[in-house]
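Please look over the two-chain model shown below before reading on. The briefing that follows takes its sheets, its helix packing, its chain contact and its backbone exceptions in turn.

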Amino acid sequence: MGGGPASGALTTATLHAALPPLEAPDRVDVVARRLSEAIRLGLLADGQRLPSETDLAAHLGVSTVTLREALARLRHSGLLETRRGRGGGTVVCAPAGLASERLRERLLEFTVYELRELGDHRAAIAGMCAYLAAERALPFDVDRLQEELDRLANARTMAERWRADANFHVVLATAAQSSRLARAEVGLQTELGDVVWLLAEHEQRFDDIVGHHRKVIAAVRARRASAARDAITRHVNAEMVDLARYRMALDTD
Amino acid sequence: MAGLRGATDRLQTAVSAIDATATPVFDLLDDIRNAALAAYTHSPRFDVEALTPLREIAQRALLGNAGWIAGTGYIAEIDALTDQPRWLEWWMARPHAPQPLRVDLDPRLPGFYDYTTAEWFQVPKLSGATSVAGPYVDIRGTNEYTVTVSIAIRTDSKFLGVAAADLYLSGLERKLWPTLRQVAQPAALTNAEGRVIVSTDWRLLPGELLPCRNSPSARRCENFPWEVLVTTSC
């Protein structure tokens, strides 16, 4: 600290802490990723026309400026195109090829550094969720975790696996009785999306994930908070290291 | 002994005061149920449009119970409405005017809000009884830590859905704190599972589980499946 009363211009750090910038650019990210996810999962089919920009912006709860920027990004990556005339408007161009190829393209949108940052954040959130769930969950909550794990273990497609894993983490957050942690968990899942499932293509890796989750449930059930936190933190960290490695390998191909 | 009896009386006073707060909630749920039944019986089609009077009741109730009822509305049984397979006619209190809740109702979407499995939907549907669910994190819905009070809406032969109201934990605490404070000893309001809703004991925070069950000091509420107890006896 410089000492003495504050005077003169605000430092950038103080300004950011006191008046954090509004999150418009983040919202563009979220909207762009959500749309591209829906296209990749096949929820928005090839050739399907999107609602008008005004309607879609209202539906998503964002400004038309934010939406337009997100749409521009998807046009740039070829997932959308604009057609003129009758039956025109913004149209979905579902990419051909295997889902895993599309996921690889998406993984390339992240830098290795961004993956590490996301990994740290996910580990912090998931770790605390597991810790608090062990202290606060009732048998009913543990049963719900077990249900999601069973769903995960029996999932066949990558999309099913992704959804069951995402739900496992969300149920853990709700078992922690924390709406803030649950929101943070959902937000991180939206940001990272389904690229984690590139790892689950390898059956060995998938079995590891199921095994890790089993350990978390056992620790939550036994009310061993630190053990639950350690188990899930190790799992999330390992997942992100693998993802970073995968991402690095993509560039050298 | 006089001191202990005094504390017991004060617990009973707190329980009565908490029970009294239920009245506007139950009145509202009756109004919503009646509006849904009227729409079902008298509209040419039981669709979202037919819910307009119900919508107005919900909005008015939120304005009239600011800080207490955080959200309210009608949640449709699957395929009960003719134009939407799933529907929440749900309104939330906001600073200027009530706002509708927007959720993903498409089962194929990752963020799908599957309300049919929620306790507040299942219990009235299966048992016909009033449900007081939570506190729970309403993830993918309002995302708030919530208590939901709900009742079934049924005709003679058909279950149409539920009428419900949300009470958020902050609202519950602001409303019930003075009452709990009057117990004069550290006290807590807990749900049937022993989860703390409001507490005046710093060692026991909202959302945490009571370290003991069946405390001798516990007094049961009538309108909610809740208990008030002196935490030092726990």
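**Briefing on the predicted model**

In chain B, strand β2 (residues 88–92) pairs with β3(B) in the antiparallel sense over two bridges, where pairing requires that DSSP finds at least two bridges between the strands. This is a predicted model, in which local features need pLDDT of at least 70 and side-chain atom pairs count only at pLDDT 80 or more, while totals for chains, interfaces and linings use all residues. Residues are numbered from 1 along each chain as its sequence is written, and chains are lettered from A and ligands numbered from 1 in the order in which they are written. Helices (H or I, at least four residues) and strands (E, at least two) are DSSP runs, numbered from the N terminus.

**Chain B overall**

- Chain B has five helices and ten strands.
- Its radius of gyration, taken over C-alpha atoms, is 19 Å, close to the 17 Å that the globule rule (2.2 Å times the number of residues to the power 0.38) gives for 234 residues, so chain B is as compact as a globular protein of that length.
- Taken along the principal axes, the box filled by the C-alpha atoms of chain B is roughly 65 × 40 × 35 Å.

**The six-stranded sheet of chain B**

- Six strands of chain B form an open sheet in the order β3-β2-β1-β6-β5-β4, with antiparallel pairing.
- Its edge strands are β3 (99–100) and β4 (131–137) of chain B, each of which pairs on one side only.
- Within the pairing of β2(B) with β3(B), B:Met92 stands opposite B:Gln99 in β3(B).
- Helix α2(B) lies across β1 (71–76), β5 (145–154) and β6 (159–168) of chain B and runs at about 150° to β6(B); contact here means that C-beta atoms, placed from the backbone, lie within 7 Å.

**The four-stranded sheet of chain B**

- A further open sheet, of four strands, has the order β8-β7-β10-β9 in chain B, again with antiparallel pairing.
- At its edges stand β8 (196–199) and β9 (219–220) of chain B, each with a single partner strand, so one side of each is left without a neighbour in the sheet.
- Strand β7 (residues 187–190) and strand β10 (residues 227–230) of chain B run antiparallel and are joined by four bridges, and B:Leu189 stands opposite B:Val228 in β10(B).
- Helix α5 (residues 169–181) of chain B lies across β7 and β8 of chain B, at about 55° to β8(B).

**Helix packing**

- In chain B, the axes of helix α2 (residues 22–42) and helix α3 (residues 52–64) come within 9 Å and cross at roughly 165°, axes being lines fitted to C-alpha atoms, for helices over the stretch in contact, with angles that run from 0 to 180 degrees between N-to-C directions.
- That makes α2(B) roughly antiparallel to α3(B), given that angles under 35 degrees count as roughly parallel, over 145 as roughly antiparallel, 65 to 115 as roughly perpendicular and the rest as oblique.
- Residues of α2(B), including B:Leu28, B:Asp31 and B:Ile32, meet residues of α3(B), including B:Pro53, B:Leu54 and B:Ile57.
- By class, this contact of α2(B) with α3(B) has ten nonpolar, no polar and one charged residues, where Ala, Val, Leu, Ile, Met, Phe, Trp, Tyr, Cys and Pro count as nonpolar, Asp, Glu, Lys and Arg as charged, and the others, Gly among them, as polar.
- In chain A, the axes of helix α3 (residues 53–60) and helix α4 (residues 64–76) come within 9 Å and cross at roughly 105°, and α3(A) and α4(A) are therefore roughly perpendicular to each other.
- Helix α6 (residues 112–136) and helix α10 (residues 203–221) of chain A pack at an angle of about 40°, with their axes 8 Å apart.
- That contact is made by A:Ala130, A:Ala133 and A:Ala134 of α6(A) with A:Val216, A:Ala219 and A:Val220 of α10(A), giving six nonpolar, no polar and no charged residues.

**Contact between the chains**

- The contact takes 14 residues from chain B and 14 residues from chain A.
- The side of chain B that touches chain A has seven nonpolar, two polar and five charged residues by class.

**Backbone exceptions**

- Most residues other than glycine have a negative phi, and most peptide bonds are trans.
- The peptide bond from B:Gly134 to B:Pro135 is cis, with omega near 5°, and B:Pro135 is found in strand β4 of chain B.
- A:Gln177, although not a glycine, has a positive phi of about 65°, and A:Gln177 is found in the loop between α8 (158–175) and α9 (179–192) of chain A.

Key. Two residues are in contact if their C-beta atoms, placed from the backbone, lie within 7 Å.
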